[in-house]
Amino acid sequence: MDLHFGDSKPTDEERAAIDTLLGPPESSWEGADRSDADLRWARGGRAARERRDLLLPGLHAVHDRIGWISEGALDYLCRRLTVPPAEAYGVATFYAMFSVKPRPATVLHVCTDLACAAAGASELCAGVEARLGLGSGVSVERSPCLGLCERAPAALAVKAGDPVRTAVSAPATVERAVLAASAPDSAPEEPPAALAVPQAGDPSLTLLGRVGVVDPASLDDYRAHGGYTALRQAFALGPAGVIREVTDAGLVGRGGAAFPTGRKWQATASQPGHPHYLVCNADESEPGTFKDRVVMEGDPYSLVEAMTIAAYAVGAHRGYLYLRGEYPRALRRMEHAIGQARARGLLGDDVLGQGYAFDIEIRRGAGAYICGEETALFNSIEGYRGEPRSKPPFPVEKGLFGRPTAENNVETLVNVLPILTMGAPAYAATGTGGSTGPKLFCVSGSVDRPGIYELPFGATLGELLELAGVRERLRAVLLGGAAGGFVRPDELDIPLTFEGTRAAGTTLGSGVVLAFDDTVPLPRLLLRIAEFFRDESCGQCVPCRVGTVRQEEALHRIVERTGADAAADITLLREVGRAMKDASICGLGQTAWNAVESAIDRLGAYE
Amino acid sequence: MTVTSLGIPRRLLEFTIDGQSVRAPEGSTILDACRSAGKDVPTLCQGDTLTPKNACRVCVVEVEGARTLVPACSRKAEAGMEVRTDTERARHSRKVVLELLASSVDLSTTPEVAGWLKEYEAKPDRFGPDAARVDEQPRIDNDLYVRDYDKCILCYKCVDACGDQWQNTFAISVTGRGFDARIAVEHDGPLTDSACVYCGNCIEVCPTGALSFKSEFDMRAAGTWDESAQTGTTTVCAYCGVGCNLTLHVQDNEIVKVTSPHDNPVTHGNLCIKGRFGYQHVQNRD
Ligand SMILES: Cc1cc2nc3c(=O)[nH]c(=O)nc-3n(C[C@H](O)[C@H](O)[C@H](O)COP(=O)(O)O)c2cc1C
Ligand code: SF4
Ligand code: SF4
Ligand code: SF4
Ligand code: FES
Ligand code: FES
């Protein structure tokens, strides 16, 4: 590979940001001064190429410090990592949080997604924009769901510098959002994670039992509340025993695709190729989802322990936690927990003195819903554009770095702790035959007590909404998030199980329950969903890249129309939707029409 | 032609295409098998010298038991598979994909598309006059070739040809995402500031004319490009010892472009700047 770098130079600050991450450059090949060694030594080969996966962390490093990525900074990073600048430019422009054009050091992301829109996001945006106009040093950006739906409307301020400063404002008012952006250091603390759990403290909780009870910063407190007994049990059972327990428990993935976890682990464990990897998918960018954030903020050690067990079961010695870029507090808590676990021998070369080596690396996403798709996530970690790969081959065979990989959602993983502590039979006794164990639901919208609820599988939608204090004049419920479907207020007896929702012609998805009363105009909501998919399509395949645009256009045309006036466009939507579902490469394009279709068919949206 | 290197004899897989039993060597794609069986499956992003990115989705077929349609160009055939190439479901997707593409980019120089639009009764106009289009001016920033992204279907072939599949120069990448995704060089600058070495291999593989020789582009603009009046002569490049095959396309006694045969086992259609563009001296007549 013959790399060509332009003549743009990094500023001292950009260089420092990159060198802090990668260490100082050693030779003129990497952008250092020419040394004697350079006369005899040519850089390249394997050692140099293997650092490509540091591209995304490198882009973050520059962005955190400067607030945007200049040509000079990008070229210097490429030189350091032996990455072609064209490819790095393609990667940098893929992510919504990165800018390759100069912009103010402070960016205020104001959520305009479903729950926030229903809670007045447009007024918030208008108010904030009026206050933070040109010259304020703040760039206001409209953002998809920030994962703070229980406190809608929400805003997140990021101020570049050394170190980068962040502040969350939710529920946001114009005043508070402006304060967060102009003085992130003096913005008020976020409320504790437990406030997102209306049932917090209820002794019957399994997955959320420790949220609000333990100090998320204290490993000792975690251990005092039962932490690390599951890992001891795992070592007693051995890897095959752990997989057997998880299989017998009937655990099914909670990330949306509902794949049996035991089967995935078994398939990964039995692959002859090495090394094996474990990836925890904490990208959580589905509008209306915030459960993984609350778990990571409120009980971070449980995820560290669960990842250790999963890795042990599948034979992995390295795990990646791919954490959504818009979750600064979850990032801090997980970084802290991993550091503590490492310092205490619970991660590292000899976990719990059992001779088993495992460590976790955190990778931050940078604003791309598609990176939650499992193979797109691999590409993102590897330093490529977050485009899904075509399957087969499946990740268990060829995943991260082309190696056998088990990828699981945060909630899936933390379920492994009760499975091991209570035993598979007791775990499987909760829930229903096809959906075992407890399930987390993210309830927001027109309810009095939005938040994360934990219920055994099998409770009905009505029971859940009752708990959350559903308001009068419910018009529709969006089940499973933007990729899910709407149901009517007279369908609240749908059981919340994988099989029950399937039988009702809808889906549980990742456990989103968004309630809308009749003050929310349905066509606007559908438009927002279409806009989301159009924005988030990776652009790789035609049905999704162009189909999502045509879908949004048609919905724009019929915003105010019904009946015969809308009929032609609805036919168009159906035809395009069917092709998207059938011919798109990945789940994004395949599901982008679900919610709109269900609104037309079940809610009679344009009748 | 499809270059499937046969190598050592491989196991034959038995499966069915449209109910008819077929045999194909292990490792062949459904498309290979369809073509051997005389079935016509349209393709756009698939090319004979590169691993397809399966991005266009016009080649989709039905495979029994699969939840979605599968791209024939990339899915490997498996024993016992039941493939159906011409069902209502597959035809519907192909038709819509052709409509989506034709409504968003200029396919006037893409071979075969006009025929498929007719065959599948595609009506790209039905998305209305305001349907978003790529709509970009051609980028002309050097004397050798033109980038006209209004014609680009994002098949990724130029990226793969410039990158790890052939040239290893990595001057081209996809930037942005979704409908705004575009082919670009680093920092989206002019070609002359980029890592491009002007081998022209990207033009060789571009299926739509989005990348074209400046000579061809200018003649098309002037209305003098006439493929039916051209002859192609394959010869050996004389510049260096590699000995690549060149095909000289000649119109009115002038070389108008140079390509290279894809079935040449050494070059597979790849050339360097000298072979591809260094033909002026041949026609200096005084
Ligand atoms: C567009 C798209 C986005 C996704 N986003 C997420 C996500 O944010 N978190 C997640 O766990 N799974 C997400 N998934 C599902 C993952 O691809 C994968 O199925 C899951 O992480 C597997 O874990 P599980 O078996 O534990 O459910 C997404 C899928 C698609 C198609
Ligand atoms: S369906 Fe959409 S997101 Fe998925 S690969 Fe295709 S373009 Fe990308
Ligand atoms: S420029 Fe040509 S080869 Fe490159 S992606 Fe576009 S259509 Fe394909
Ligand atoms: S095309 Fe280039 S590499 Fe091939 S023979 Fe001619 S000069 Fe040599
Ligand atoms: S934070 Fe705004 S919709 Fe989720
Ligand atoms: S030819 Fe198969 S997807 Fe394009």
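This is a predicted model: local features need pLDDT of at least 70, side-chain atom pairs count only at pLDDT 80 or more; totals for chains, interfaces and linings use all residues.

1. The contact between the two chains draws 48 residues from chain B and 50 residues from chain A, and together the chains bury about 4,000 Å², 54% of it on carbon and sulfur atoms. On the side of chain B, the residues that lose the most area to chain A are Phe170(B), Arg177(B) and His187(B), which together make up 21% of what that side buries.

2. Helix H2 (88-104) and strand E7 (173-175) of chain B each supply at least two residues to the side that touches chain A, with H2(B) giving the most, 11 residues. By class, that side of chain B has 21 nonpolar, 14 polar and 13 charged residues.

3. Ser194(B) is placed in the loop between strand E8 (182-184) and helix H5 (201-205) of chain B, and it counts as buried because its relative accessibility is 6%, against a limit of 20%. Its side chain reaches the backbone oxygen of Leu191(B) at 2.7 Å, while a polar atom of that side chain lies 3.0 Å from the backbone nitrogen of Cys196(B). Leaving aside residues up to four places away in sequence, Ser194(B) touches His4(A), Val185(B) and Glu186(B).

4. Two of the ligand shells can be set side by side. Around ligand 2 there are 13 residues, of which Cys538(A), Cys541(A), Cys544(A), Cys586(A) and Gly589(A) come nearest, and by class this shell has eight nonpolar, five polar and no charged residues. Ligand 3 is surrounded by residues of chain B, among them Cys152(B), Cys155(B), Cys158(B) and Cys206(B), in a shell with 11 nonpolar, one polar and no charged residues.

5. How many of the residues of helix H12 (residues 291-298) of chain A are buried? Eight of the eight are, so the helix is largely enclosed by the rest of the structure. Charged residues are included here: Asp292(A) forms a salt bridge with Lys291(A), the closest N and O atoms being 3.3 Å apart, and Asp292(A) is buried at 2% relative accessibility, as is Lys291(A) at 1%. Arg293(A) and Glu297(A) belong to a network of salt bridges that also links Glu150(A), Arg151(A), Glu190(A) and Arg329(A).

6. Glu87(A) pairs with Arg52(A) at 2.4 Å between the closest N and O atoms, joining helix H5 (residues 85-92) to the loop between helix H2 (45-49) and helix H3 (55-66), 35 residues apart; Glu87(A) is buried at 15% relative accessibility and Arg52(A) at 11%. Arg210(A) forms a salt bridge with Asp299(A) at 3.0 Å; Arg210(A) lies in the loop between helix H8 (174-182) and H9, and Asp299(A) in the loop between H12 and helix H13 (300-314), so the pair ties together parts 89 residues apart in sequence. Both Arg210(A) and Asp299(A) are buried.

How values were computed: Residues are numbered from 1 along each chain as its sequence is written. Chains are lettered from A and ligands numbered from 1 in the order in which they are written. Side-chain values use heavy atoms; hydrogens and water are left out. A residue is near a molecule or strand if one of its heavy atoms lies within 4 Å of it. Ala, Val, Leu, Ile, Met, Phe, Trp, Tyr, Cys and Pro count as nonpolar, Asp, Glu, Lys and Arg as charged, and the others, Gly among them, as polar. Helices (H or I, at least four residues) and strands (E, at least two) are DSSP runs, numbered from the N terminus. Buried means under 20% relative accessible area, exposed over 50%, partly exposed in between (1.4 Å probe, protein chains only). A polar contact is a pair of N or O atoms within 3.5 Å; within protein, one must be able to donate a hydrogen and the other to accept it, and residues adjacent in sequence count only if both atoms are side-chain atoms. Contact means heavy atoms within 4.5 Å. Buried area is the accessible area (1.4 Å probe) that two parts lose on being put together, summed over both. A salt bridge is a side-chain nitrogen of Lys or Arg within 4 Å of a carboxyl oxygen of Asp or Glu.
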